[in-house]
Amino acid sequence: MYFRSDQEARRVLATTWHWPNFSLSELVCRCAGRFCERSYWHDPLFLDRLQALRTAIGKPLRLTSAHRCSLWNAAIGGGAHSQHKRMAVDISLNGHDRHQVLSAAKQVGFTGFGLAKSFLHLDARAAPAMWYYPGGRGLW
Ligand SMILES: [Zn+2]
């Protein structure tokens, strides 16, 4: 479900938000008002998986990117069909065992895995995929 602003999302979702370790502010577009008003793509199943991953890891997961509006996605070099235009997350690996995070992410049902040097991209695409970002190969 698409929300054009975090205000709208907060109003609609306030009473049903049940992912204790994640807040809307971490998941909205980060273009900082350049192209949208902190737009958001709400996908409860995605959040169920993300929360299950957080619970399995037992430590905070810092998201470096989540939903992106189309213009922000393009501005930062995201692919035209990037899952970030709906919902995907990039999780910082700082302080984490990358293999543990990847293994747990597979177990909780994510299907798209982008392996980078400093982060792990996760999404829930229909056809499973795994790829390396430049500099990521050899570290995984
Ligand atoms: Zn935006």
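**Close-up views of a predicted model**

**View 1. Arg38 sits in the loop between α2 and β2.** The model is a predicted one: local features need pLDDT of at least 70, side-chain atom pairs count only at pLDDT 80 or more, and totals for chains, interfaces and linings use all residues. Residue numbers start from 1 along each chain as its sequence is written. Is Arg38 buried or exposed? Arg38 is buried, with 23 other C-beta atoms within 10 Å. The cut-offs, with C-beta atoms placed from the backbone, go like this: buried takes 20 or more other C-beta atoms within 10 Å of the residue's own, exposed takes 12 or fewer, and partly exposed is in between. Arg38 also has a positive phi, about 55 degrees, although it is not a glycine.

**View 2. Ala32 is found in the loop between α2 (24–27) and β2 (40–41).** Here's another residue with a positive phi: Ala32 comes in at about 60 degrees, and it is not a glycine. Ala32 is exposed, with 9 other C-beta atoms within 10 Å.

**View 3. Ile57 belongs to helix α3, which covers residues 44–57.** Ile57 is partly exposed, since 17 other C-beta atoms lie within 10 Å. Which residues does Ile57 touch, once its neighbours within four places in sequence are left aside? Ile57 is in contact with Gln100, Val101 and Ala104, where contact means C-beta atoms, placed from the backbone, within 7 Å. Now look over to Leu71: Ile57 and Leu71 are 14 residues apart in sequence, and their C-alpha atoms are 33 Å apart in space.

View 4. Along the sequence they follow the pattern β-α-α-β-α-β-α-β-α-β-β-β. The radius of gyration is 15 Å, close to the 14 Å that the globule rule gives for 140 residues, so the protein is as compact as a globular protein of that length. That radius is taken over C-alpha atoms, and the globule rule is 2.2 Å times the number of residues to the power 0.38. The C-alpha trace spans about 40 × 30 × 30 Å along its principal axes. Buried residues make up 29% of the 140 residues. As for contacts between residues at least 6 apart in sequence, 60% join residues at least 24 apart.

Technical notes. Helices (H or I, at least four residues) and strands (E, at least two) are DSSP runs, numbered from the N terminus. Two residues are in contact if their C-beta atoms, placed from the backbone, lie within 7 Å.
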